[in-house]
Amino acid sequence: MVFCPECGERNREGSKFCRNCGALIEEKPLKSRFISGDKFSETRGALEKKEYHRAPHEGKEGFDWGTVVSGALLLVILMLILGRIMGFTGVLIATSISIIYVISSARRKASVPALIIMTLMSAAAISAYFSV
Ligand SMILES: [Zn+2]
């Protein structure tokens, strides 16, 4: 996988031109681009800074359990309240809110496993709700 130096689009290894913007792709590995401090790495740095400010309580790498646990708590509480008031519609709304919460608060890297866990938990919670 190579990244376009102009727009950051992912391109196949060995591509000469970006499939998104058509810019010439250098065959430098990504790491040396970060060190060289060119336009691309500056853009990436700015993006990461922005993301960091959006979620300052989270670590730089890896899986954020805090988001998943708070998302799960939110799911249970909302499901109990909305499920009692609105029945199945309430359960669906509670699930949607919780998943949106996890996606928006987790960093991009962590949001995929968090989303999978939330989906499994939601499925379990919905089936548990209907088996009672
Ligand atoms: Zn491009």
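**Overall architecture and the α3 helix**

The chain has five helices and two strands, where helices (H or I, at least four residues) and strands (E, at least two) are DSSP runs numbered from the N terminus. Read from the N terminus, the order of elements is β-β-α-α-α-α-α. The model is a predicted one, in which local features need pLDDT of at least 70, side-chain atom pairs count only at pLDDT 80 or more, and totals for chains, interfaces and linings use all residues. Numbering starts from 1 along each chain as its sequence is written.

Confidence deserves a look before the details. The mean pLDDT (the predictor's confidence in each residue, from 0 to 100) is 72 for the chain, with 61% of its residues at 70 or more. The pLDDT is below 50 over residues 55-61, a stretch with four contacts in the model beyond near neighbours in sequence; a contact here is a pair of residues whose C-beta atoms, placed from the backbone, lie within 7 Å.

Just after α3, G87 takes a positive phi of about 70 degrees.

The buried residues of α3 are T67, V68, G71, L75, M79 and G83. A residue counts as buried if 20 or more other C-beta atoms, placed from the backbone, lie within 10 Å of its own. Of the 132 residues in the chain, 17% are buried. L75 and M79 also belong to the largest nonpolar core, together with V91, A94 and A125; α3 (65-86) and α4 (88-105) each supply at least two residues of this core. Such a core is a set of buried Ala, Val, Leu, Ile, Met, Phe, Trp, Tyr and Cys residues joined through C-beta atoms within 7 Å. Leaving aside residues up to four places away in sequence, A125 touches L75 and M79.

UniProt, in an unreviewed entry, lists a transmembrane region at residues 72-103 and 110-130; such annotations may be inferred rather than shown by experiment. Residues 72-103 are 97% helix and 0% strand in the model, with end C-alpha atoms 13 Å apart.

Methods. A residue is buried if 20 or more other C-beta atoms lie within 10 Å of its own, exposed if 12 or fewer, and partly exposed in between; C-beta atoms are placed from the backbone. Two residues are in contact if their C-beta atoms, placed from the backbone, lie within 7 Å.
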